[in-house]
Amino acid sequence: MLLLLAAPLWAQPTLAAEVAAPDRPRIGLALGGGGARGGAHVGVLAVLEELRVPIDCIAGTSMGALVGATYAAGVPMERIERQILDADWSATIGSAGRRSKLPMQRKLAGITYSNSIELAISRQGLQGASGLVSTQNIEGFFRAVVGGARDIDDFDQLPIPFRAVATDLATSQMVVIGTGDLIRAMRASMAVPGVFAPVLEGDMVLADGGMMRNLPVDVARGLCADVVIAVSLEAPPPTLGQLQGALAITGRSFSAMVIANERAQLASLTERDVAVIVPTGDIGSTQFGRVPETLSLGEASARRVAAELSRYAVSEDEYRAWRAGIDRPEHGLVRVAEIRFQPLQHASVDFLRTRLVTQPGDEVSVAALEADMSRVYASGDFERVGYHLPPGPGGGAIVEIEAVERPGGTDFIRFDVGLAGATDGDTQFVLRADHRREWVNDLGGQWRNTVQLGTFGLLDSAFYQPLDVPQRYFVEPGASVGRSLENFYDDGDRVARYDLVEAQLRLDGGVNFGNHARATAGLRWGSTEFDEDIRSIDAVDTTRRRDANLHFTALYDTRNAAALPTRGMFAQLSYTSSGSWLGGEFDYDVIEGVASRSLPWSNGTVLLAAGAGRLVSGELPRHRDFKVGGIRSFPAFAPGELRGEGYWTASANWALRLIDLAPAFGQRVFGSLGLHAAGMTDRLDGVDEGTLFGVSLAIGARTAFGPFILAVGAADNGRAQLQFALGRPIPEGTLLDRLQ
């Protein structure tokens with residue numbers, strides 16, 4: 001429970017303030033907000049230590065609360081610098097590394113989504129997440145940096161008394177947090193509305209303190225300070241060209257509110273106080289990859305006012321004694337006596353225990369515990385997963401895990417949209433809604449339903465049923481009805497188009513191998529029918545036919561992202577055998593496999609990919625044709641332009657990072673050069689061109705709205721295409737679709 005202090009209580013002297021040396025003024029530090037720019041506070045603190053200026057209390061807002069709480073917790077400066085410089089901000093603020101912790105069922109369920117927006121279905125209607133960015137890793141980072149101080153629930157008992165400033169969105173009032181969970185206080189102070197979920201405390205909805213007090217000078221003065229050192233992070237004003245568009249105007253409106261209340265606080269400084277103004281140049285508040293640059297900016301700005309700061313320096317002996325009194329050792333290993341989960345409404349504690357590496361009796365680091373919390377978080381629909389370490393028997397600690405389930409129950413829905421087109425092909429689009437019900441039973445049964453409209457229509461329902469607590473073995477029955485537009489080409493000219501309608505019942509069983517691999521085997525039974533849409537050709541039989549087959553699949557996936565991955569591998573091998581059992585009217589066997597590898601290289605990424613498929617025996621029906629062409633398989637050809645009974649393809653793409661939109665969140669613009677080769681055997685149009693070679697140039701981006709690609713491709717047979725894809729990937733006809 002956070003204790004929220006109103007203004008009249010600020011004036012009450014704290015114990016720490018009372019013990020300050022009587023012959024010097026009490027120094028209060030006010031650290032302002034500024035997102036990624038807040039690393040400059042560390043540079044200012046380094047100069048204060050060099051000048052031997054002791055700090056008696058600290059008030060911080062947003063990133064200022066993070067740095068301020070860490071310093072107040074008694075973390076030595078060298079350790080603070082190391083934590084800030086070594087932090088993987090793309091993982092802390094963004095989602096880097098999160099996909100590797102997803103169980104296979106969740107990884108595969110999201111493999112083709114263009115966005116991460118998911119709504120919970122409740123009696124109150126649809127409920128979205130309170131923030132676009134998960135705070136799981138942020139809270140884990142906070143726990144790591146403050147060490148053992150996180151167990152102190154009265155911030156006056158920290159080595160340096162501390163206050164975090166937040167805004168109550170319910171009452172539009174400033175809230176000063178002085179007791180409770182230090183981690184929650186830090187996160188509340190920097191919960192930018194719409195980006196991070198607010199912290200709920202009783203009737204209060206706590207969010208970024210910058211809306212009310214971005215530079216909490218009065219809070220520091222009321223806490224203990226005779227003298228306030230105020231650190232303000234100053235960004236240059238935008239140009240007229242930068243104030244174009246609704247998003248830019250909205251963002252600047254928020255900034256104007258923050259700047260106004262900060263200027264009012266700076267105006268309240270007296271002649272005794274010191275303002276450290278840190279110009280942060282073009283470093284944006286979300287550019288956490290540039291945090292290391294800000295340390296030197298803060299240091300330089302503090303040196304510019306070194307003479308004013310030196311007025312409050314103490315002797316070397318006095319400073320050494322002060323420093324010794326506040327320094328706290330780094331959090332050591334934790335001996336785990338017991339692991340407990342706080343009660344859960346839906347998820348299975350037995351399953352969550354299987355996600356933990358740490359076991360009772362182990363001695364583990366805080367980093368290892370945080371990795372366990374990340375694994376638990378990735379396994380279910382949780383808002384956050386944290387832990388406490390109350391003392392346990394025999395001198396060990398109890399790891400008490402608090403997994404907070406998302407409100408709204410176990411039903412969730414996602415919406416997705418995809419668009420693709422080529423100069424010689426149709427514009428294709430899909431609009432999709434997916435419903436998912438989690439924890440139908442204690443083993444983690446999951447019911448999924450899909451409605452998709454557009455070029456590729458689909459109705460699908462499936463039930464995923466694990467057979468054991470760790471969810472290694474499973475069965476999955478399902479049924480679907482799909483419709484797609486199938487184009488047929490003759491030597492590059494489109495000669496016909498059909499509607500392909502497929503209905504299917506399926507029963508699969510399989511095994512998951514950790515978070516990265518799965519093998520399945522199943523029986524499929526259904527019917528297929530081609531209906532003429534634009535002209536017809538003799539090669540297509542429009543009779544409804546039954547298809548019964550056995551299907552085997554093995555899959556391996558370590559990519560860091562399904563769309564435009566920058567590292568990792570993907571491989572899939574499938575074998576299908578169709579026969580006359582269950583009334584099947586086809587007789588064929590086909591095998592297909594794809595593999596890709598993404599690796600960083602020269603400020604970019606190299607993506608190597610290959611795929612092949614062939615008819616092993618029998619006669620391949622038209623609905624099973626392999627199709628090559630499209631922005632992923634071979635950009636020089638329209639989707640499905642090359643169609644036949646076997647294919648192989650290989651490509652190498654070098655993607656160079658051009659623009660960082662929001663690098664902490666993985667949103668970047670790439671320019672890429674691709675080399676392609678492919679061969680198609682037994683082409684439907686009878687053309688034999690041997691091996692085709694091609695080249696492509698593309699612009700691609702991972703954005704908040706999904707992946708975007710614009711490509712121009714050319715082949716050595718004279719074919720060329722300009723193609724684009726936005727959002728959910730549109731199928732092109734082979735397992736290469738899985739490479740996104």
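Please keep in mind that the model is predicted.

Let us start with strand 7, which covers residues 162-168. Seven of its seven residues are buried, so the strand is largely enclosed by the rest of the structure. In a regular strand, side chains alternate between the two faces of the sheet.

Which strands pair with strand 7? One partner is strand 3, residues 57-61, which joins strand 7 in the parallel sense over four bridges. Within this pairing, isoleucine 58 has phenylalanine 162 of strand 7 as its bridge partner. Another partner is strand 8, residues 173-179, and here the pairing is antiparallel, with five bridges. Alanine 166 is bridged to valine 175 in strand 8. Strands 7 and 8 form a hairpin with four residues between the strands, and in this hairpin serine 172 takes a positive phi near 60 degrees. Strand 11, residues 204-208, also runs antiparallel to strand 7, and three bridges join the two.

Now for the helices. Two packed helices are described by the angle between their axes and the distance between those axes. For helix 3 (residues 40-51) and helix 4 (residues 63-72), the angle is about 35 degrees and the axes are 10 Å apart. The crossing of helix 3 past helix 4 is right-handed. In the contact, His41, Val42, Leu45 and Glu49 of helix 3 meet Met63, Gly64, Val67 and Tyr71 of helix 4. These contact residues divide into five nonpolar, two polar and one charged.

Our last stop is helix 17, residues 366-379. How far apart should its ends be? At 1.5 Å a residue, its 14 residues should span 20 Å, and the end C-alpha atoms are 20 Å apart, which agrees. Is this helix enclosed or open to the outside? Because 10 of its 14 residues are buried, helix 17 is largely enclosed by the rest of the structure. The buried residues include Val366, Leu369, Met373 and Val376, and also Glu370 and Asp372.

Note on methods: Residues are numbered from 1 along each chain as its sequence is written. This is a predicted model: local features need pLDDT of at least 70, side-chain atom pairs count only at pLDDT 80 or more; totals for chains, interfaces and linings use all residues. Side-chain values use heavy atoms; hydrogens and water are left out. The expected span of a helix is 1.5 Å times one less than its number of residues. Buried means under 20% relative accessible area, exposed over 50%, partly exposed in between (1.4 Å probe, protein chains only). Two strands pair if DSSP finds at least two bridges between them. Axes are lines fitted to C-alpha atoms, for helices over the stretch in contact, and angles run from 0 to 180 degrees between N-to-C directions. A crossing is left-handed if the near helix is turned anticlockwise from the far one by less than a right angle, and right-handed if clockwise. Contact means heavy atoms within 4.5 Å. Ala, Val, Leu, Ile, Met, Phe, Trp, Tyr, Cys and Pro count as nonpolar, Asp, Glu, Lys and Arg as charged, and the others, Gly among them, as polar.
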